[in-house]
Number of protein chains: 2
Amino acid sequence: MNTFEEITQLISTEIEKIDWNKRPHGLYEPIGYVLGMGGKRIRPVLTLMACNLFSDNIQQAVSPAIGLEIFHNFTLLHDDIMDKADVRRGQPTVHKKWDDNTAILSGDVMQIASYQFIAQSPANQLKRTLDLFSKTASEICEGQQYDVEFEHRDNVNDNEYLEMIRLKTAVLLGAALKIGSWIGGAGDKDAQLLYDFGIYIGLAFQLKDDLLDVYGDEVTFGKRIGGDILCNKKTYLLIRAIENAKGQDAQELQKWLTNSDEELSFEKIKSVTSLFSNLGVREICEDKMQFFYTKAVAKLEKVSVSENKKKELRKLAEKLMFRME
Amino acid sequence: MNTFEEITQLISTEIEKIDWNKRPHGLYEPIGYVLGMGGKRIRPVLTLMACNLFSDNIQQAVSPAIGLEIFHNFTLLHDDIMDKADVRRGQPTVHKKWDDNTAILSGDVMQIASYQFIAQSPANQLKRTLDLFSKTASEICEGQQYDVEFEHRDNVNDNEYLEMIRLKTAVLLGAALKIGSWIGGAGDKDAQLLYDFGIYIGLAFQLKDDLLDVYGDEVTFGKRIGGDILCNKKTYLLIRAIENAKGQDAQELQKWLTNSDEELSFEKIKSVTSLFSNLGVREICEDKMQFFYTKAVAKLEKVSVSENKKKELRKLAEKLMFRME
């Protein structure tokens, strides 16, 4: 059994080893840049941990794990073009540091690279790993499409939102766990339990993200607090606030949603945040997050390996829920 | 043995059968639109023909053949964003009909779809088909990157140009043939001969395209004649013209290359075209095309199946060389 720290170290080292110093440099350099930005490497870590539940040979899951991390970073790269985001993890995004065309094309070749790593799965697991990966990758694009469409709609309800984040965020965590468990030798039932564990962790994780954007600490969160409020992003908090606000609260919320005066940014963040508190949506969101977290843990319970082996996965789940960044 | 016409019909029918009426429509509709624009379906036809050289069961190669066609159309979709091209096959391009973000994201999911079709290759051919496909896909991105970089360079030589079109155009024809032959049961030697046949046909095909853009007939070519000249596209003709022009010719060519006055468009096309003729680069390009075509035919000669079976592939190669569009 490997600890969370050992696995994170292993995967970081393996990712650093990949040689992107290939021609044409203009195509491959941005890939090294994006992967070098760091990040928590949650997806490949989940793959190796899930494999480790059933096998001591986690090395055989390293390539597909890296494939998932490359794919995840590819989606960030293309999402940043679509969102016109200039900064990611404190550094300029690819389309900002280079240009849109570079970001499109480097992203495309990154997606191919992710398949090249997935293709190095053990031969007897290749077909189903590949199929689940493609299905998951399509779902992530579907989630991104819904996310974009929601920006232009006023009547998004909370179930639609949860389905969107299931697609955009949760399915990749589920797939990471399922693929790792298959490679480790898990049976169908355990593999599915781990997939479901990943889905619920993913949903809780995204709700935590929505909360941190409003109630987090600027320094540890690493992003500007209130960014979602400023751009009227349809987060779980805002959707529930629109649903729950009546009378004067509803009027005030609408007033701020139609206000994009930059000089009133501070005022807007402060007022919408206190509306959230008055309307009780912070608690609603925290409860929902807790609900998914509990469901996740229950799924993990049922996986047919010893309690001791599940320790590291449970620790990681806690880490993600109680994180400040 | 199936004729070229039968195979084209089969693949068109199969492509039309694919259901893109999936949610979210905003993501999948553009894929149906792009694939519905038509085109010659050369790549999947090559796959089925190569398979047919060695087997009567071409049905088993249909899915990977479709995967190659979807991938090809995906590259057109993303290239059109990068080139800011508004029209393709007489219809508005996706980023024009929808917007850039839609074109990026639909392209991404198209690339995944191409892998989903490749993944339906016969199990015993999956790994090497997948690996060749990924290698080829990366090479196509590399070719596109070189193409973009060449636009900002004045000193591109003909070998660099040929390497660029090998990557951007020829390798996919080679891979289409190799994959089809593998699935049909070809040995390594025949598969490689067919790959090389595809490379040479691809190089000749692109030179033909360069020629058609200058000397083609507007109506049958379906594009505006002289488009490459107007935007100073570094085609084989222009590269050889820059290389060969001396004295007054060189001065006149440079004058037109730095002239982007739209009112002089007609004049520019006429003058550069006659410079090409004076400098003999039309013949140089035609000779080079013929050179590759001859090499291609010689590779096909050596494939160890009866002459009669090669008839359809030879016919297709001729069609591509002597086409007017």
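## Close-up views of a predicted two-chain model

**Figure 1. Helix 4 meets helix 8 in chain A.** In helix 4 of chain A, the residues Pro64(A), Ala65(A), Leu68(A) and His72(A) touch Leu172(A), Ala176(A), Ile179(A), Gly180(A) and Ile183(A) of helix 8 of chain A. Sorted by class, the residues of this contact are seven nonpolar, two polar and no charged. Please keep in mind, here and in every view that follows, that this is a predicted model. Helix 4 covers residues 62-83 of chain A and helix 8 covers residues 158-184, and the two pack at an angle of about 170° with their axes 10 Å apart. Angles over 145 degrees count as roughly antiparallel, and helix 4 of chain A and helix 8 of chain A are therefore roughly antiparallel to each other.

**Figure 2. Chain A as a whole.** Stepping back for a moment, we can count 16 helices and two strands in the secondary structure of chain A. Along the principal axes, the C-alpha atoms of chain A fill a box of roughly 60 × 50 × 30 Å. How does the radius of gyration of chain A, with 325 residues, agree with that of a compact globule? A compact globule of 325 residues would have a radius of gyration near 20 Å, and chain A has 20 Å, which agrees. As for confidence, chain A has a mean pLDDT of 95, and 98% of its residues reach 70 or more. The model scores ipTM 0.96 and pTM 0.96.

Figure 3. Most residues other than glycine have a negative phi, and most peptide bonds are trans. Here is a bond to look at with that in mind: from Arg23(A) to Pro24(A) the peptide bond is cis, with omega near -5°. Where is Pro24(A) found? Pro24(A) sits in the loop between helix 1 (4-17) and helix 2 (25-35) of chain A. In chain B, the peptide bond from Arg23(B) to Pro24(B) is cis, with omega near -5°. Pro24(B) belongs to the loop between helix 1 and helix 2 of chain B.

**Figure 4. Arg89(A) between two strands.** This view turns to a backbone angle. Arg89(A) is not a glycine, yet its phi is positive, at about 50°. To find Arg89(A), look in the loop between strand 1 (87-88) and strand 2 (91-92) of chain A.

**Figure 5. Helix 1 crosses helix 4 in chain B.** Two packed helices are described by the angle between their axes and the distance between the axes. In chain B, the axes of helix 1 (residues 4-17) and helix 4 come within 11 Å and cross at roughly 75°. That makes helix 1 of chain B roughly perpendicular to helix 4 of chain B. Helix 1 of chain B brings Ile11(B), Glu14(B) and Ile15(B) to the contact, while helix 4 of chain B brings Val62(B), Ala65(B), Ile66(B) and Glu69(B). By class, the residues of this contact are five nonpolar, no polar and two charged.

**Figure 6. Helix 4 meets helix 8 in chain B.** The axes of helix 4 of chain B and helix 8 (residues 158-184) of chain B come within 10 Å and cross at roughly 170°. That makes helix 4 of chain B roughly antiparallel to helix 8 of chain B. On the helix 4 side of this contact in chain B are Pro64(B), Ala65(B), Leu68(B) and His72(B); on the helix 8 side are Leu172(B), Ala176(B), Ile179(B), Gly180(B) and Ile183(B). These residues divide into seven nonpolar, two polar and no charged.

**Figure 7. Where chain B touches chain A.** How many residues does the contact take from each chain? Chain A gives 31 residues, and chain B gives 31 residues. On the side of chain B that touches chain A, the elements giving two or more residues are helix 2 (25-35), helix 4 (62-82), helix 6 (100-118) and helix 7 (126-150) of chain B. Helix 7 of chain B supplies the largest share of that side, 14 residues. By class, that side of chain B has 17 nonpolar, nine polar and five charged residues.

**Figure 8. How the two copies are related.**

Key
Residues numbered from 1 in each chain as written. Chains lettered and ligands numbered in written order. Predicted model: local features only at pLDDT ≥ 70, side-chain atom pairs only at ≥ 80, totals over all residues. Contact = placed C-beta atoms within 7 Å. Helix = DSSP H or I, 4+ residues; strand = E, 2+ residues; numbered from the N terminus. Nonpolar A, V, L, I, M, F, W, Y, C, P; charged D, E, K, R; others polar. Axes fitted to C-alpha atoms, helices over the stretch in contact; angles between N-to-C directions. Parallel < 35°, antiparallel > 145°, perpendicular 65-115°, else oblique. pLDDT = per-residue confidence, 0-100. Rg over C-alpha atoms; globule rule 2.2 N^0.38 Å.
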